[in-house]
Amino acid sequence: MQIRCYHCHKPFALGNETVHAALDMIAMDNLSHYNAYCPHCRRANRISPDELHRAAPTWKAESEEEESAKS
Ligand SMILES: [Zn+2]
């Protein structure tokens, strides 16, 4: 996904692996957002889970799958 830095207004890309890792982190730790660090100014940009889900529509939380497998 492409992000425009809120601080220096330069665009940068988050790879699919990073987006998936971010969604895993949010699901596991119940976070309200993910901090994506700008490679230009190294400051954090808050990315909402909604934006991440839009960038990775195939991602699913692992814990949900485990729960349905147990029962
Ligand atoms: Zn920046």
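**Figure 1. Pairing of strands E3 and E4.** Strand E3 (residues 34-37) and strand E4 run antiparallel and are joined by four bridges. Across this pairing, Ala36 stands opposite Asn45 in E4. The hairpin of E3 and E4 has six residues between the strands, and within it Arg42 takes a positive phi near 65 degrees. The model is predicted, and among the elements of the protein strand E4 (residues 44-47) has the highest mean pLDDT, 98.

**Figure 2. Overall view of the protein.** Three helices and four strands make up the secondary structure. Read from the N terminus, the order of elements is β-β-α-β-β-α-α. Of the 71 residues, 8% are buried. Among contacts with a separation of 6 or more, 55% are between residues 24 or more positions apart. The average pLDDT of the protein is 91, and 87% of the residues score at least 70. The lowest mean pLDDT among the elements, 56, belongs to helix H3 (residues 62-70). Where pLDDT is low, predicted coordinates should not be read in detail.

**Figure 3. The loop between E3 and E4.** Both Arg42 and Cys41 are placed in this loop. Arg42 is not a glycine, yet its phi is positive, about 65 degrees. Most residues other than glycine have a negative phi. Arg42 counts as exposed because it has 10 C-beta neighbours inside 10 Å, the limit for an exposed residue being 12 or fewer. Cys41 has 13 other C-beta atoms within 10 Å and is therefore partly exposed.

**Figure 4. Surroundings of Cys41.** Leaving aside residues up to four places away in sequence, Cys41 touches Cys5, His7 and Cys8. Cys41 and Cys5 are 36 residues apart along the chain, and their C-alpha atoms are separated by 8.6 Å.

**Figure 5. Helix H1 and the residue that follows.** Helix H1 (residues 16-29) has 14 residues. From its first C-alpha to its last, H1 reaches 20 Å, close to the 20 Å expected at 1.5 Å a residue. After H1 comes Asn30, with a positive phi. The value for Asn30 is near 55 degrees, in a residue other than glycine. Asn30 is placed in the loop between H1 and E3. With 7 other C-beta atoms within 10 Å, Asn30 is exposed.

**Figure 6. The largest nonpolar core.** Six residues form this core: Leu14, Val19, Ala22, Tyr34, Ala36 and Leu52. H1 and E3 are the elements that give two or more residues to this core. One of the core residues, Tyr34, touches Ala22, Met25, Ile26, Ile47 and Leu52, not counting residues up to four places away in sequence.

Figure 7. Gly15 is placed in the loop between strand E2 (11-13) and H1. Gly15 is exposed because 9 other C-beta atoms lie within 10 Å. Gly15 and Ala55 are 40 residues apart in sequence, and the distance between them in space is 9.7 Å, C-alpha to C-alpha.

Conventions. Residues are numbered from 1 along each chain as its sequence is written. This is a predicted model: local features need pLDDT of at least 70, side-chain atom pairs count only at pLDDT 80 or more; totals for chains, interfaces and linings use all residues. A residue is buried if 20 or more other C-beta atoms lie within 10 Å of its own, exposed if 12 or fewer, and partly exposed in between; C-beta atoms are placed from the backbone. Two residues are in contact if their C-beta atoms, placed from the backbone, lie within 7 Å. pLDDT is the predictor's confidence in each residue, from 0 to 100. Two strands pair if DSSP finds at least two bridges between them. The expected span of a helix is 1.5 Å times one less than its number of residues. A nonpolar core is a set of buried Ala, Val, Leu, Ile, Met, Phe, Trp, Tyr and Cys residues joined through C-beta atoms within 7 Å.
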